[in-house]
Protein chains: 2
Amino acid sequence: MSTILDVAEKAKVSIATVSRALNNQPGCSEETRKKVKKIAQELGYEPNEVARSLINKKTNTIGVIIPEISSLLSSEFINGIDAIAKQENSNLIVTYTKSNIVSTEENLRMLHEKRVDGIIFVSEILRKEYYEYIKRNNIPCVLLSTKSAEYASVPYVKVDDYDASYAATNYLIMMGHKKIGLISGSSADPIAGNPRIDGYKKAILENLNMVVEERQIVSGNGFGFDDGRDNFIQLIKQYPDLTAIFCASDEMAIGAISAAYKLGISIPDDVSIMGYDNLKISEMSVPPLTTTAQPLVKMAEKATEILFKIINKKDSDVHSIIMPYQIIERESVKNIK
Amino acid sequence: MSTILDVAEKAKVSIATVSRALNNQPGCSEETRKKVKKIAQELGYEPNEVARSLINKKTNTIGVIIPEISSLLSSEFINGIDAIAKQENSNLIVTYTKSNIVSTEENLRMLHEKRVDGIIFVSEILRKEYYEYIKRNNIPCVLLSTKSAEYASVPYVKVDDYDASYAATNYLIMMGHKKIGLISGSSADPIAGNPRIDGYKKAILENLNMVVEERQIVSGNGFGFDDGRDNFIQLIKQYPDLTAIFCASDEMAIGAISAAYKLGISIPDDVSIMGYDNLKISEMSVPPLTTTAQPLVKMAEKATEILFKIINKKDSDVHSIIMPYQIIERESVKNIK
DNA sequence: TTGAAAGCGGTACCAT
DNA sequence: ATGGTACCGCTTTCAA
């Protein structure tokens, strides 16, 4: 494998000249430039970006820290992040966490040791330890689909879960449903758990004039298919007269539909199901899933754009963004008015 | 951000000693080691892996080149790769290609400039250009879910598509089906296209004693949901008396099921559907999809293990692997015997 | 226009 | 046990 020195020797110029020639920098005659480029080509010379990074203090690599909760959600986010990174001539190092503190801190440290130019932190609470690490090491960072009440200096991009959940529940009410169950994440989860529960409760209270009973809600730990399936069975048992269910994720909604199929319960004729996220699979399901859309790819793109603004010191207009949600009507909710 | 020099100065020792102390290398008193570690801690010193990589000629990073054909397939592969990489203390840089030649070569070049320790090349033909680039630059490389007839020096891990497809079709025959359609990828695709078509044809010929007619097959370009949906409609039109369809990917199978639902065709009562891959969504579908499983995660793990053998010069037992497929019976195929 | 040389932040060899 | 130093491959300043 040839280095800049090999090129210099063969071209009978200094390495400084080779550098200038290859990088199209001024201070180099066109003739020399051509000769150097030709020889570099012949030698199959490829610049060593590691060496470049060391001196430039820029790796053209950004890190992503993302929980493995849902690979379907993750892959949409990563698509968006990757698109913008590519535009900025950067690559991604994606690290998955199991939502446990050690792993996240390890990932943070690894990414920093690799001197990534910045980090996108996805769907996970920004704990004090993380924040301090980021601050101390001065790492550009943006939060995606999570937020940072306490650390206002870290910008975030997300949908307002409380509002979106309120709207989703209201949609079911508008379709004539009065007995509405909820399958949600953990109430201890301050990002995607509690706010969605509260939005649901508020809608029922304000627009149905009812206080939600405990049996109307099953909230597990995760947001996955299995959770949805299990929670559906549980919910049907404890609240058999329901006519509609709002699921706090599409994966859970698909799980619920699957469980319903096994039990011989028809969707949407017997029970209406409403999802949250608008993943690709929500249009692939049978029946196609009515859901509360988050603009997942757009959110990821926005977050990444902000990150590059910080990296490139265009801090001028760096601020958090609340993205709009949208109700997508498909075929899993029945109008029973 | 402090460097090894800062630590050395504050500890009143040389940088050589700091290096030895922090890396737990011999030639350093326990007392000094403790002092250095304490000071490094105080300073919040984090080693710069870029500098390390430069001298060690090892970045602890491996590259993945993968087409975006199906993010569902991709994410299973990436999970497997990531698991082994993590064990080896490496991170992943994943690059997506749109299967066009320029992009793949660009990705290859970028990964090499970043001096990744090796590359996993997924689901894509290893063209002559790629192979030569890899050889010329001496990049450790393993192929995953694709192969390299011409370049035997590049090991691969895959399922035998021809055999698997033959077995899948035979399964339908064993279930009593005689009029079996095929929804496949392009016959010009020598990896996942043609072999699966041929396996299907062979099964029909040998075990049904029939020559496949043209109208029994619809082969598009991709393997996605939309392809499956569109091709199902087309196939039903040109071969209305079929009783079963073998789809060359799960995503296409789900697309077919979805189209059937819209047309009021019942799966599996009117038409049986068989998939290929065994993605996560195949158990999430309604009805759950009977399919031809590839051990996706295992395959990715194997490929990555081989890659690290090459990287670590344990070339002793590096060879390609054909992984076993398996028929997974769920509920989308009806026994009509 | 060109070259010499000083780093970037580490590792490892060779003295001491 | 410790320190001095060459070096990894490149960029950039300063002189020539």
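A:Pro268 sits in the loop between helix H11 (250-263) and strand E9 (272-277) of chain A, where helices (H or I, at least four residues) and strands (E, at least two) are DSSP runs numbered from the N terminus. The peptide bond joining A:Ile267 and A:Pro268 is cis, with omega about 5 degrees. Chain B has a cis bond too, from B:Ile267 to B:Pro268, with omega near 5 degrees, and B:Pro268 lies in the loop between H11 (250-263) and E9 (272-277) of chain B.

A word on the ground rules: this is a predicted model, in which local features need pLDDT of at least 70 and side-chain atom pairs count only at pLDDT 80 or more, while totals for chains, interfaces and linings use all residues. Residues are numbered from 1 along each chain as its sequence is written, chains are lettered from A and ligands numbered from 1 in the order in which they are written, and side-chain values use heavy atoms, with hydrogens and water left out.

A:Asn278 isn't a glycine, yet its phi is positive, near 65 degrees. You'll find A:Asn278 in the loop between E9 and helix H12 (281-284) of chain A. A:Asn278 counts as partly exposed because its relative accessibility is 23%; the scale runs from buried (under 20% relative accessible area) through partly exposed to exposed (over 50%), using a 1.4 Å probe and protein chains only. Over in chain B, B:Asn24 has a positive phi near 55 degrees and lies in the loop between H2 and helix H3 (30-43). With 49% relative accessibility, B:Asn24 is partly exposed.

Now for the DNA. Counting a residue as near a strand if one of its heavy atoms lies within 4 Å of it, 28 residues surround DNA strand D, and A:Ile4, A:Tyr45, B:Thr17, B:Thr32 and B:Lys57 are the closest. For DNA strand C there are 29 residues, the closest being A:Thr17, A:Ile55, A:Lys57, B:Ser19 and B:Arg52.

| Protein atom | DNA strand | Distance |
|---|---|---|
| A:Asn23, side chain | D | 3.2 Å |
| A:Arg52, side chain | D | 2.8 Å |
| B:Ser14, backbone | D | 2.8 Å |
| A:Lys57, side chain | C | 2.6 Å |
| B:Ile4, backbone | C | 2.8 Å |
| B:Asn23, side chain | C | 3.3 Å |

Taking contact as heavy atoms within 4.5 Å, 51 residues of chain A touch 51 residues of chain B. The area buried between chain A and chain B, that is, the accessible area (1.4 Å probe) the two parts lose on being put together, summed over both, is about 4,700 Å², with 56% from carbon and sulfur atoms. In chain A, A:Glu46, A:Met284 and A:Val286 lose the most area to chain B, together 15% of what that side buries.

Last stop, helix H13 (residues 296-311) of chain B. Its buried residues include B:Leu296, B:Met299, B:Phe308 and B:Ile311. After H13(B) comes B:Lys313, with a positive phi near 60 degrees.

Key: Polar contact = N/O pair within 3.5 Å; in protein donor to acceptor, adjacent residues only side chain to side chain.
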